[in-house]
Each structure stands twice: as structure tokens, then as C-alpha cells.
Amino acid sequence: MSMVPATAGAAQPAASHKVVMHKQGSTASSQASGNLQWGGGPVEHNAKVYLVFWGSQWNSDANGVQSYLTNYFNGLGNGSERWSNVMNQYTDSRGNASSGNPVLGGVWVDNGSAAPRSASQANISSEANRGASHFGVSGANADIFVVSPSGTSPDNFPNAGFCAWHDWNGNVAYTNMPYVLDAGSSCGANSVRNKLDGFSIVGGHEYAEAETDPQAGNGWLDSNGEENGDLCAWQGLSSLSESTGSFAVQPTWSNAVGGCASSA
């Protein structure tokens, strides 16, 4: 969904751009309706994730979430793993999505004040723009991950039934990344390796979708408007070995194989 910079009352992200919570006994949140089709918008040719740990609450991080997410994204796209290669097949008028580019662009703990307890989408978008300004980036290649601290409810998480979502605010692609451990197994905790699994499963889902559909609605989607992460959500979870450690991930949709894939 292409949007102008978010203001109070801005439209919410489409349901297809959210990672829905996992229900015990369920597999995918969506059923594929044919392969993904290009909608004429951009893909990320030099995909970069910029982690913004929002709020002074991050001065305490007993669960090691900052390190976990930093190591996860630092190990993607540097040739040591093949999970991120699945996205390389998707193109726009300028060529393929990222190939062989390290993903992590930077990390910032924005701890000058506390993150709001109940941030609105407008608040999250504003923090994404603040992060983009801090890193000196803009445009479709930059994905600002606004990572909220424990005990907060960005966009009514977890009561709204999602684990995370991504969108575009006219300046930058951004991801609302709540403290998914607060939702426990509903957002992936202890589903593969340990309690932090949800951060890489959900974070990887949003990264993959932002790379192939950074403006959230005009990139690569199926005929129902679903993105590559949606079509494989909570299926085939596995452990991905990177140069920086091992992390839980889900597969993403591959047109090349006509199904979900964890490597290419």
C-alpha cells in the first residue's frame, strides 16, 4: 500500500502485509493463488535493513534481543547462506532484487526517551523517518525496522492478531517489529531453537516481503494480494546456519519452484 507520510488517522496496512499470529495446529496463513506477479513497482536492488531499537527501555535487554537481531541480519546476504537467495529471482524494470549484498545497514538504539506504551501507526512511521534521518537513507532500498521494547503495544500488538507488518510512508520502507516474545508461541517463541525464534522468523518474513514489495502493494504479489512471506507463513520452519550463528526461519514463496523454498 503506497502512502504519503503517515499522519494521525492514516490508513492501516493491508491485512496481507501483516504476519498473522500462529495458531496451534495450523500451517500457512494463506493459500497461494498461482505464482507471484509483478505489479509495476520497485524491488530492492541493494536491500538494507536498519535496526532502530526504539526507546530508553532498551537500556536493559536481559533476553539479548538486540544481539540476536543484529547477528541475524548481519549474517544475511553475505554469501554464507542461501535462504536470502530465493528473493533474487524477482525483478523490476531495473533488474533483480538484491544478490550478494550484506543486508545489515546499521543499528541504532534511540534511547533519548521512552518509546510510547501504545504507539499508533503514525508514531511508528515517524520513528522510521527519524531512523532514516539518523542513518542518512531514504527510498525503496532502505527498510527501517522499528523494534519496540517489551511491555509496549505498537499498533495494538498483540491484541490485533498480528506479529509484525511492513509498509511505505512516502519516504522509506519500514517495518513495525513488536517485542514478539511478549506474545510467546503465537509469534514463534520456542518453535525451532529457543525463545527468541520469533524475532528471526517474523523479522525474516518482513525483510523478504520488503525486498520484493517495498512499497507494500505494487511489487510482487499473487492474485489475492498476498506477498512471498504470507504464502509460507508458519510452514516448514527450520534453523538457518549463518556466519554469525544459527537462527529460526520460515521459507518464502519461489516462482521458480512454484512453492515455498528455504534456499536457491
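I began with Cys-232, which is buried in this predicted model, with a relative accessible area of 0%; buried here means under 20% relative accessible area, exposed over 50% and partly exposed in between, with a 1.4 Å probe and protein chains only. Its partner is Cys-260, and the sulfur atoms of Cys-232 and Cys-260 are 2.1 Å apart in a disulfide, a term that stands for a pair of cysteine sulfur atoms within 2.5 Å. Cys-260 counts as partly exposed, at 31% relative accessibility. I noted that Cys-232 sits in the loop between β10 (220-221) and β11 (238-242) while Cys-260 belongs to strand β14 (residues 259-261), so the pair ties together parts that are 28 residues apart in sequence. The torsion about the S-S bond of Cys-232 and Cys-260 is -100°, and the link is left-handed.

Before going on, I wrote down the ground rules: residues are numbered from 1 along each chain as its sequence is written, and side-chain values use heavy atoms, with hydrogens and water left out. As this is a predicted model, local features need pLDDT of at least 70 and side-chain atom pairs count only at pLDDT 80 or more, whereas totals for chains, interfaces and linings use all residues.

Next I checked confidence, using pLDDT, the predictor's confidence in each residue from 0 to 100. The protein chain averages a pLDDT of 90, and 89% of the residues score at least 70. Over residues 1-11 the pLDDT is below 50, although this stretch has 30 contacts in the model beyond near neighbours in sequence; a contact means heavy atoms within 4.5 Å. Residues 24-29 also have a pLDDT below 50, with ten contacts beyond near neighbours in sequence.

Is helix α1 (residues 65-74) largely enclosed or open? Seven of its ten residues are buried, so helix α1 is largely enclosed by the rest of the structure. Among the buried residues of α1 are Tyr-68, Leu-69 and Phe-73, and their cover includes β3 (48-54), β7 (139-147) and α3.

My last entry is on the nonpolar core, meaning a set of buried Ala, Val, Leu, Ile, Met, Phe, Trp, Tyr and Cys residues joined through side-chain atoms within 4.5 Å. The largest has 60 residues, and Leu-51, Phe-73, Trp-83, Ile-144, Phe-199 and Tyr-207 touch the most other members. Strand β3 gives the most to this core, with six residues. A second, separate core of eight residues includes Val-43, Ala-97, Trp-220 and Cys-232, the cysteine with which I began.

Terms used. Helix = DSSP H or I, 4+ residues; strand = E, 2+ residues; numbered from the N terminus.
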